[in-house]
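Visitor: I am new to this structure and would like to learn how to read it. Could you take me through it slowly, one feature at a time?

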Amino acid sequence: MAKPKSKASKASKGSSSPGFNKAVQLLLHFTAVLQFNYGVYIFHTIDMPNTVPFAGKFKFLTFLCAIIQALYYIVSLVNDFVGTNELTPKKPPAVRRFKDWLMATLAFPVAINVGVTFWTLYAIDRELVFPKVLDPVFPSWLNHVLHTNIVVFIVLELFISYRSYPKRSQGLAGLAIFMGAYLVWIHVVKHYSGVWVYPVLEVLQLPQRILFFAAVVGFTLSLYLLGEFLNNTVWAKEVKLARRKAN
């Protein structure tokens with residue numbers, strides 16, 4: 001009788017792990033959906049002093065990043081219920097494929113870019129990115145939702161949910177198109193408003209701005225490679241299994 005009991009015990013132990021993982025994924029995704037959608041809503045309603053009204057909040061990469069995060073976690077939550085979180089499904093549904101692409105191409109690199117760039121410039125001189133004049137109207141908790149939690153949640157997501165990365169050339173191309181379009185966009189805003197979106201751009205001369213833009217784009221593209229590397233490291237067994245199935 002001892003053997004059957006041992007087998008049953010092992011089966012029970014093995015079956016509890018997937019259930020626990022699913023619960024953690026659901027909790028993270030549900031919390032993120034509430035947090036980032038509410039953050040987008042509150043940010044959109046704030047009347048920010050000393051900023052041009054042209055293009056509203058859509059001129060800020062922080063706002064666009066928050067929308068990307070909100071969209072990603074909505075898609076993730078939908079995938080939790082009607083898609084699949086199977087590590088290497090033979091035929092992943094469209095929602096799962098879109099989830100994996102969005103995480104790899106935009107959600108991870110843009111979130112890390114916004115978080116690292118913001119807090120680095122803030123440490124150097126906060127007036128360059130978040131002037132003190134904003135303190136009375138911009139809550140501290142919202143600042144952390146938009147510039148801190150985006151990093152915390154996307155890193156947690158990387159560790160609890162496996163994703164299949166697209167071909168590197170396709171992923172980098174998608175990210176480069178997004179960043180290139182944003183650089184064009186802030187020049188359009190500057191053309192029609194006469195003011196740069198970020199105060200740091202006002203103190204840079206043209207050659208310095210070119211170097212700054214090149215550094216930001218280069219840094220963001222390197223974050224795609226970082227995400228791919230971390231994914232391949234954390235989920236090494238799953239990546240090997242997926243490659244075997246592909247072959």
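Guide: Let us begin with a pair of helices: α2 and α4 cross in a left-handed way, where left-handed means that the near helix is turned anticlockwise from the far one by less than a right angle, and right-handed that it is turned clockwise. The contact is made by Thr62, Cys65, Ala66, Gln69, Tyr72, Tyr73 and Ser76 on the α2 side, and by Leu146, His147, Ile150, Phe153, Ile154 and Glu157 on the α4 side, a contact being a pair of heavy atoms within 4.5 Å.

Visitor: Before we go on, what kind of model is this, and how are its residues numbered?

Guide: This is a predicted model, in which local features need pLDDT of at least 70 and side-chain atom pairs count only at pLDDT 80 or more, while totals for chains, interfaces and linings use all residues. Residues are numbered from 1 along each chain as its sequence is written, and side-chain values use heavy atoms, with hydrogens and water left out.

Visitor: At roughly what angle do the axes of α2 and α4 cross?

Guide: An axis is a line fitted to C-alpha atoms, for helices over the stretch in contact, and the angle runs from 0 to 180 degrees between N-to-C directions. Here the axes of α2 and α4 (residues 140–160) cross at roughly 35° and come within 11 Å.

Visitor: How many helices and strands does the protein chain have?

Guide: Helices (H or I, at least four residues) and strands (E, at least two) are DSSP runs, numbered from the N terminus. The protein chain has eight helices and zero strands, and its C-alpha atoms fill a box of roughly 80 × 40 × 30 Å along the principal axes.

Visitor: Where does Gln35 lie, and what does Gln35 touch?

Guide: Gln35 lies in helix α1, residues 2–45, and is buried because its relative accessible area is 15%. Not counting residues up to four places away in sequence, Gln35 touches Val145, Asn149 and Phe153.

Visitor: What should I look for in the loops?

Guide: In the loop between α1 and α2 sits Ala55, whose phi is near 70°, a positive value in a residue other than glycine. Ala55 counts as partly exposed because its relative accessibility is 24%. The loop between α3 (94–125) and α4 holds Val133, which touches Pro49 and Asn50 when residues up to four places away in sequence are not counted.

Technical notes. Buried < 20%, exposed > 50% of the residue type's maximum accessible area, 1.4 Å probe, protein only.
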